Amino acid sequence: MKKGSALTRSATSGAAPPEQGAPGPGAAPEGPGPTGPSRAVRVLRYLGGRLFTAAVSLAAVLVTSFFLFRILPGDPVRAMTEGREVTVEQMEELRRQFGLDRPLWQQFADYCLGVLRFDFGTSYQYRVPVAELIAERIGPTVLLAGTGTVVAALIGLVLGTRAAWRRGSAGDRITTAVALTLWSVPSFWLGLLLIVVLASGVGWLPGLFPTSGMATPGVEGAFDSALDVAHHMVLPVATMVAVVYAQYLLIMRSSVLDEMGADYLTTARAKGLRDALVLRRHAVPNALLPTVTLIFLNLGRVLGGVILIETVFAWPGLGSLFYSGLRVPDLPLVQALFVLFASAVIVMNLLADLVYPLLDPRVRT
Amino acid sequence: MSSHEEAPLLQVRDLEVVYRTAGGSVPAVRGVSLTLEAGSKLGVAGESGCGKSTVALALLRLLPKTARVGGQVLLEGEDVTRMRWGRLRAVRWAGASIVFQGAMHSLNAVRRVGDQVAEPMLLHGTAPPGGVEARVGELLESVGLPRWRARSYPHELSGGQRQRVMIAMALACEPRLIIADEPTTALDVMVQAQILRLIDDLVAGRGIGLLMISHDLSVLAGTCDRLAVMYAGRVVEEGPADEVVAAARHPYASALSAAFPRVGDPASRMAPSGLPGDPPDPAALPEGCSFRPRCPVAEDRCSSTDPDLWEAGGADRRAACVKVLAAEEAG
Amino acid sequence: MSAPTPSRRALVWARRRAAWGEFARIYASNRAGLFGLAALLAAALVALCAPLFIDPAELDVTGGPGGRFEAPSADYWLGTDAFGRSVLDMVLWGARISLTVGFLAAFVSVALGTVIGIVAGHFGGWASDVLMRVTDWFLVLPSLVVAIALAAVMERSTLTIIVAIGVTAWPATARVVRAQTLSVEARPFIERARALGGGHLHVMKRHVLPNVMPVVLAQTTLLVAEAIVMESTLSFLGLGDPSTISWGGILQDARNAGAISSGIWWYMIPPGLAIALVALSFTLCGRALEGVFNPRLRERR
C-alpha cells in the first residue's frame, strides 16, 4: 500500500500529463505540452532515488548485523564455548583468533571491508570461509523458495479472484475459511504432519515421498536427477505453499472486490464481453497492481519461513545452515546469513519498485 | 423480427425496476414508457435519484443482480428483457452502445485507449477490411483527436478528451442507438458545448438514434427533439423539447425549466432552482402524487390520486398532473 | 434514566451503552468472529484454571506418572510423552505460556507502534519523516530472522521471546496508527481543542488516542495470533526457555524424541492443533473487529 501511494505521488508530481511514445510529426497534443524535465531524466531520477534508499537500507543492515551480535548481552566467545569446559587462556586465544580483542571500531571496519569483498570471515563450526558455505547452499534455497512463491502466488491469485467474483457464495466462504485456517497453522508442524502421513507412511499407506534431503545418493543422469529432486521437493513446497498462499488469496480477493463496483467494468459488460472476459481483461489487470507489490514485499516472510521448512525437511539450503549455525552459535555464519536474508528483502523491495511502473501506466512516467 | 420495418428503434413499455436491499424492496423505476424513432433524439431529464440512470442501464440489462426488472424493452421490435445471454451480448454495443458519465472511471486505467476502442470491434467481428488499427484512427479523428492518441492511457488525457474517446468507442460498431448517460457532467462549460456539438453532428450524420440522459435541462433542450422529465421513478411530462422547456404543464417540469434560461451559469446546473425540499426517498414514497410535498400548487385531492400521463394540449404532449386533466376536461 | 433531568454522567453512560450495544450487534453478525471469541474465552479459561486440576509436579521430567510413550487411554486421554507425562496436561498447561507470550508480545509491539505512530502523525515535519523512515526500514527486515537472531543472542527466557517478537512486530502498527492519527487530526474538534489551549500531550492523550484505539484493538488481536505462532516457532527451534512448557517446546521435544519416525501421533498432533486453533481464533476476532470499525471492509467479508 505504502509503495503504491509513494509511487503515485512521485508520478503525479510532473507538471503535465506526459507524452506517451513518440507523437507523429505535427501531431500537436490538445492539452498543454510537457513542461517538466524530459522523460529520461525523470526515469533516471526515480531509479536513482530507489537505488539510494536501497543502499541506505543495506548499510543499516550491515551496521545492525554487526552490533546486534556484539552489543547485546552475551559474549560471543562464551556463547561459542557454552556447555564446554574451557580455561580463561583458551578463551583469550579464541578472542585473538577471531579478532575479538581489538577495539570495536576496528572490528567494525574490518567487518565492513570484508563484506565488500564478500568475505564474511570463517565459520566457527565448519572452519571454512562463510562465503564458500553460502555459495554451496544458496542454490537449493532459491529453488525451494522460488518454486514455493510462484506456486503460492498462482494459487492465491486464481482462488482469490474466483472468491471475489462469487463473493458471499459457499465457494467463497469455504475458500476463505480454508485459507485462514492454513494460515494459522505453524508451518513446521504442518511439515511434520506431512512427513508422518506421506513420507513415513501411516498404516496401510506407504511412504510416498522422501522424508528429508534434496537428492537420493547414487541417482545419476540429468533427467533422473531432476526427477529425484522434484520428488524430494513435493512436500517442502506443499508445506510452504499451504502456509503462504492465504495472504495472496486475501489480498487478491479484496483488490478484486475493490474493482468490482468500478464503472469501467460496466463499460466492459456493455460492450458485450462475457463475464469471464470482463474479469480477465479488465478487473484482474487492475486488481493485480496492489497484489503484485505485496507479493514482493512478502518475500521477507517467505525467507523466514524457509528457515523452518528447510530445518524440518533437512533441505540442504541456507535455512538449515542458519539453524545449524544458531545451535553452536556460529556467529560469523549467522551474521552473514542475517545480512543475506535482509539484503534479499531489500533487493526484492527495490525490484517491486521497479516492476510496479511496468504494470501501472499511471506511474510510468 | 417480422415487424422490423415498422417497429420504432426503441420502445420501452411499463419499465419497472425494483432493488432488493436489506431494508426491503426499493422501487427505482415505476412504469416508464418511452419511444424513440430511428434517427431521432430523445432527452430524459430529472434530479439525481429519479431513476434516469437506472433506465439507461436497464435498456441493456446492465443492472446489478439485486435489481428486478419488469416490463418490456423493445429494440427494433426485439424484447431485450427476454433475450438469451448470447443474443444479449451480441446486441450490446453492436445494436446499442452507451456513453457513460465521468469518462475517467468508465475507461480502464491500465489499458491504452486505442485497445479499448478496438475491443468491441474485435469482439463483435465488425472490424473493416482495412484493419482495426486504421479504423480506430478514423474513429479518433472523427471525434477530433489525433490518431496517435490511440497509444495513450486514459490518465494522459483531459476530461474532454476522455469523453471524446468514449464517444469514439460508442461509434465503433456503428450501432443504431446510442445511449448517452450524463455525457457532459463534470466537464467545464466550454468543453461541454464542444462535446454536445460533436454528439449532435455524429448522430445527425449517421442516422443513429440518441437517448440522452441528464440532470441539466439546458443540455437536453439544445440537443434533443423530444424530452421526457422524470420524477421519483416516473415520467411526469413528455413532449417536443422546445415546448416542454417553454411551457411545461407539470409543476415539476416547469420548476426545472425555470432554471433553464441562464446557460452557462453554474447556478442553473443546480436544477431546479427555487424548488424547496429533496426528492422523495424511493423506499418511502408519499401517498398520492409523489411530487405533492414539494409542489407549489398542490391541492387536497393530490394526496389521494397518483395521476398517470395524460394528453396535455397539443400533439404528442403528455403530463401527469391532476391539473392537466382538469384543464383538458374543461377545455 | 427515569430521572427527569439526567445528570451529565448518566448521559455519558447512556451514550456509551448505546455505542456498546451497536458494537455488539455488528460484531455478533459475524459468525466467524463469534466462533473465534468463544474459542478464545475457552482457551483463556483453561489457561487460568489449569493449576486447579493439574499438579505441576507431574509435568516435571522426573515426575511423570505414566510410562514412556503410552498410547491414549482412559487414564491418559492423549497418551504420554518420553518421560511418562500426560500429553493432555502438558498441552493444557502450555496454554499458559503461549497465551501469556502472545498477549505480552502483542502488547509490547502495539504500545511501541502506537506511541511512534501517534507522535509521527501528530508532530509531522522532519520528526515524522525520520520516524517513518525507521519504521519502513524495520518493516523491510525479515521479522522471523530478526526474532531468531535476537533470541539466539540473548539469554534463553520467556522475556527474551517476548522482546524478540515485540521488537520485530511494531512497524505495521505504527503505520496504521499514523494514518489514523492523521485522519483524526484533520477533524474540526482537534482544532477546537487547540484553540482552547490544549497542549500537544493533551491533544494526543485526550483526543487522538481514544479515536485511534479501535484500530489499535483490531491490530492487537491480529498481532496476538502472529505472536503465538512466532513463539511456537522460536521454541520449536530451541530458542525458548527450556524450563517452561509451551506448545512449540512440546513439539521440539516430540521431534527430538523421534515421535515423527516412530509414529507417536498423540505427542505431535495436539500441540500443533492448539496453536492453530488459538491463532485462528485471534485472526477471526481481529477480522471481525476490523469489520466493526471499518464498514467498507464489513461489506466485503
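The paragraphs below go through a predicted model, from one chain to a contact between chains and then to single residues. Local features require pLDDT of at least 70 and side-chain atom pairs pLDDT 80 or more, while totals for chains, interfaces and linings use all residues. Residues are numbered from 1 along each chain as its sequence is written, and chains are lettered from A and ligands numbered from 1 in the order in which they are written.

Helices (H or I, at least four residues) and strands (E, at least two) are DSSP runs, numbered from the N terminus. The C-alpha trace of chain C spans about 75 × 55 × 35 Å along its principal axes. Of the 301 residues in chain C, 48% are buried. A residue is buried if 20 or more other C-beta atoms lie within 10 Å of its own, exposed if 12 or fewer, and partly exposed in between, with C-beta atoms placed from the backbone. Among contacts in chain C with a separation of 6 or more, 70% join residues 24 or more positions apart; a contact means that the C-beta atoms of two residues, placed from the backbone, lie within 7 Å.

Chains A and B touch through 26 residues from chain A and 29 residues from chain B. On the chain B side, α2 (85-91), α3 (103-106) and α4 (113-124) each supply at least two residues. The most come from α4(B), with four residues. By class, this side of chain B has 15 nonpolar, nine polar and five charged residues. Here Ala, Val, Leu, Ile, Met, Phe, Trp, Tyr, Cys and Pro count as nonpolar, Asp, Glu, Lys and Arg as charged, and the others, Gly among them, as polar.

Within chain B, R164(B) lies in helix α6 (residues 159-171). R164(B) is buried because 26 other C-beta atoms lie within 10 Å. Apart from neighbours within four places in sequence, R164(B) is in contact with V143(B), G144(B), L145(B) and L198(B). The C-alpha atoms of R164(B) and F291(B), 127 residues apart along the chain, are separated by 37 Å.

Backbone angles come next. Most residues other than glycine have a negative phi. In chain A, F118(A) has a positive phi near 55° and lies in the loop between α5 (104-116) and α6 (130-165). F118(A) counts as exposed because it has 12 other C-beta atoms within 10 Å. R127(A), which is not a glycine, has a positive phi of about 60°. R127(A) also lies in the loop between α5 and α6 of chain A, and is exposed because it has 7 C-beta neighbours inside 10 Å.
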